[in-house]
Amino acid sequence: MGIRPDITPDAPEAEQPAIGLIGMGAMGGMYARLLSKAGWKKIYICDLPEKFETLKAKYGGLPGVHVLENGHLVSRISDFIMYAVEAEYIDRVVAQYGPSTKVGAIVSGQTSVKAPEKAAFEKYLPQDVEIVSCHSLHGPTVSPVGQPLVLIKHRATDNSLKVVEQILKPFGSRYVYLSYEDHDIVTANTQAVTHAAFLSMGTAWHSSLSYPWEHGLYVGGIETVKVNIMLRIYSNKWHVYAGLAILNPSARVQIDQFARSTSEIFKLMLAGDAPGLRARIYDARRIVFGNGNGNSNGNGNGNSNINGGDSSTGTVGRARPPILLSEDLLDRFSLGKKPSDAASPTSRQGAPPNSHLSLLAMVDCWARLGIKPFEHLDLAATPIFRLWIGVAEYLFRAEARLDAALHAALCETAHRSDDLEFVVAARGWSQCISFGSFELYKERFMHTSAFFESRFEEATKVGSAMIQALMDSSPPPNTNPAP
């Protein structure tokens with residue numbers, strides 16, 4: 001490949017790489033806009049042939065962007081090609097356009113599950129092209145600045161990796177260097193149970209035919225995260241979550257365990273088994289969070305080694321600062337009505353105590369599977385995972401808060417019906433995913449999404465602001481060097 005490894009958007013157009021994007025969904029569109037804004041002048045994009053005229057109308061005026069009719073034309077002209085298609089279709093699309101790849105080009109993929117992508121690239125791409133894959137670990141509405149961007153040097157020279165780094169450098173993202181296999185392990189460990197929890201919440205509230213935050217429940221503090229992120233997930237495309245859940249074997253195992261954890265904890269609640277519930281939850285607390293004061297054994301250093309490490313520290317011998325310092329930060333982003341005073345029924349002081357079953361089950365699931373999510377927090381955490389694990393940490397690290405949740409689980413009934421719906425929803429999602437059907441997943445997702453659709457616009461704005469506020473208040477993550 002004749003592109004200089006130190007190329008920048010300021011270079012003359014003749015020296016710049018031709019950048020190709022095959023697939024112009026939400027992430028393909030985000031890449032096109034960011035690459036154009038950076039100043040790259042030769043960006044060639046395509047989607048399905050029937051979308052050609054629509055793409056011309058949408059992107060034709062974007063500086064440096066050229067809309068082509070199909071992936072053959074993009075592949076033949078581009079020095080760096082990214083397949084931004086759903087994991088379900090990656091084999092079919094690469095089979096169609098891969099043989100047309102320009103000699104010496106670098107090929108990448110933006111799929112959330114890399115096993116199918118790797119198989120497709122190795123099967124259909126010519127041997128005279130290189131493979132440096134990637135994955136931006138955030139959604140299209142989140143700023144890429146500071147977010148993890150996985151780079152996978154699979155079949156490429158060091159210079160080709162540097163070219164990809166330079167092309168994507170204007171994003172301001174933080175590079176994380178992994179193998180294909182490690183990518184799928186890390187993404188399962190940081191996303192599978194998180195998504196299952198929020199999908200189940202949405203299904204549970206939908207089954208109850210209510211928006212509970214509009215009636216004094218789930219308002220403020222931890223509850224704010226539950227509502228905002230649930231709405232954020234259901235406002236996205238269903239396939240964003242289906243690929244990870246169905247095609248990643250590690251994710252399937254975790255989602256099944258999450259459903260079991262949810263059911264078993266709920267049974268302890270119904271039985272009024274206080275000693276059994278406390279023993280189980282505090283055992284999970286010890287495994288996932290160490291002894292609860294920020295000190296435990298291990299070395300979790302935040303680098304790209306995914307084996308071993310400390311469950312509560314991010315650097316050797318030094319306790320990790322908590323992600324969420326106070327619920328007051330979250331109160332600013334509540335979708336429910338703000339209380340007029342501390343005694344209001346919608347305030348944390350006056351609201352019915354909550355068992356936080358979703359959080360108890362999530363941490364219990366990690367403990368049962370031996371997953372220590374803090375090992376991957378700095379490495380490749382999505383904004384949603386960072387926020388959700390911060391909430392779990394906030395609940396579990398303080399005995400008073402955790403004991404209050406356990407007391408509510410055993411003695412309070414205000415949320416019991418919602419807890420029951422949550423158990424049923426978690427089991428339903430686990431069964432749905434076990435069938436391996438994208439159509440069934442889509443139908444289940446869209447059924448609930450339609451129920452919440454009228455609340456999406458506000459939730460998207462508030463959710464983005466909440467994530468940004470958390471990022472601004474959190475310490476900078478550790479980074480890892482390129483291999």
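Which residues is methionine 230 in contact with, leaving aside its neighbours within four places in sequence? I began with this question, keeping in mind that I am reading a predicted model.

**Entry 1: methionine 230 and the cores**

I looked up methionine 230 and, with its neighbours within four places in sequence left aside, I found it in contact with Phe198, Met201, Gly202, Trp205, Trp213, Val225 and Phe452. I then turned to the largest nonpolar core, which has 83 residues, and noted that Met230 is listed there among those with the most contacts inside it, together with Ile229, Phe258, Trp388, Tyr441, Phe445 and Phe452. Apart from this core lies another, of 34 residues, and I wrote down Ile3, Ile19, Leu151 and Tyr177 as being among them.

**Entry 2: the whole protein**

I stepped back to the overall figures, and I found that the secondary structure comes to 19 helices and 10 strands. Of the 483 residues in the protein, buried residues make up 58%. When I considered contacts with a separation of 6 or more, residues 24 or more positions apart accounted for 75% of them. The accessible surface comes to about 19,000 Å², and 53% of it belongs to carbon and sulfur atoms.

**Entry 3: aromatic rings**

I searched the whole structure for aromatic pairs, and the search gave 17. Are the two partners buried or exposed? Tyrosine 234 has a relative accessible area of 0% and is therefore buried, and phenylalanine 452 is buried as well, with a value of 0%. I also saw that Tyr234 and Phe452 belong to one aromatic cluster, whose other members are Tyr211, Tyr241, Trp429, Tyr441, Phe445 and Phe451.

Next I looked for charges over rings. The charged end of arginine 455 sits over the ring of tyrosine 211, 3.8 Å from its centre, and Tyr211 is one of the residues in the aromatic cluster. Elsewhere in my notes, arginine 401 lies over the face of tyrosine 394, at 3.6 Å from the ring centre.

I listed the buried residues of helix α4 (residues 90–97) as Ile90, Val93, Val94 and Tyr97. Seen down the axis of α4, these residues fall within an arc of 95°, so they line one face of the helix. I recalled the general rule that an α-helix has 3.6 residues a turn, so residues three or four places apart point the same way. The buried residues of α4 pack against β1 (19–22), α3 (71–77), β4 (80–83) and α5 (114–124).

For α5, the buried residues are Lys114, Glu117, Ala120 and Phe121. They cover an arc of only 125° around the axis, which puts them on the same side of α5. Their packing partners are β4, α4, β5 (106–109), β6 (130–136), β7 (148–155) and α7. While I was in helix α5, I also looked up lysine 118, which is found there. Not counting residues up to four places away in sequence, lysine 118 touches His154, Tyr180 and Glu181. Lysine 118 and aspartate 91 are 27 residues apart in sequence, and I noted 9.4 Å between them in space, C-alpha to C-alpha.

**Entry 4: threonine 194**

I followed helix α7 to threonine 194, which lies in it. Threonine 194 has a relative accessible area of 1%, so I recorded it as buried. Not counting residues up to four places away in sequence, threonine 194 touches Ile384, Phe385 and Trp388, and Trp388 is one of the residues with the most contacts inside the largest nonpolar core.

**Entry 5: two positive phi angles**

Leucine 209 has a positive phi of about 55° although it is not a glycine, and its place is in the loop between α7 (180–207) and α8. Histidine 356, also not a glycine, has a positive phi of about 50°, and its place is in the loop between α12 (328–331) and α13 (357–369). Leucine 209 is exposed, with a relative accessible area of 64%, whereas histidine 356 is buried, with 10%.

Conventions. Residues numbered from 1 in each chain as written. Predicted model: local features only at pLDDT ≥ 70, side-chain atom pairs only at ≥ 80, totals over all residues. Heavy atoms only, no water. Phe/Tyr/Trp six-rings, centres within 6.5 Å; stacked < 30°, edge-to-face > 60°. Buried < 20%, exposed > 50% of the residue type's maximum accessible area, 1.4 Å probe, protein only. Lys NZ or Arg CZ within 6 Å of the ring centre and 35° of its normal. Helix = DSSP H or I, 4+ residues; strand = E, 2+ residues; numbered from the N terminus. Arc of directions from axis to C-beta. Contact = heavy atoms within 4.5 Å. Core = buried A, V, L, I, M, F, W, Y, C linked by side-chain atoms within 4.5 Å. Areas by Shrake-Rupley, 256 points an atom, 1.4 Å probe, with all protein chains shown as cover.
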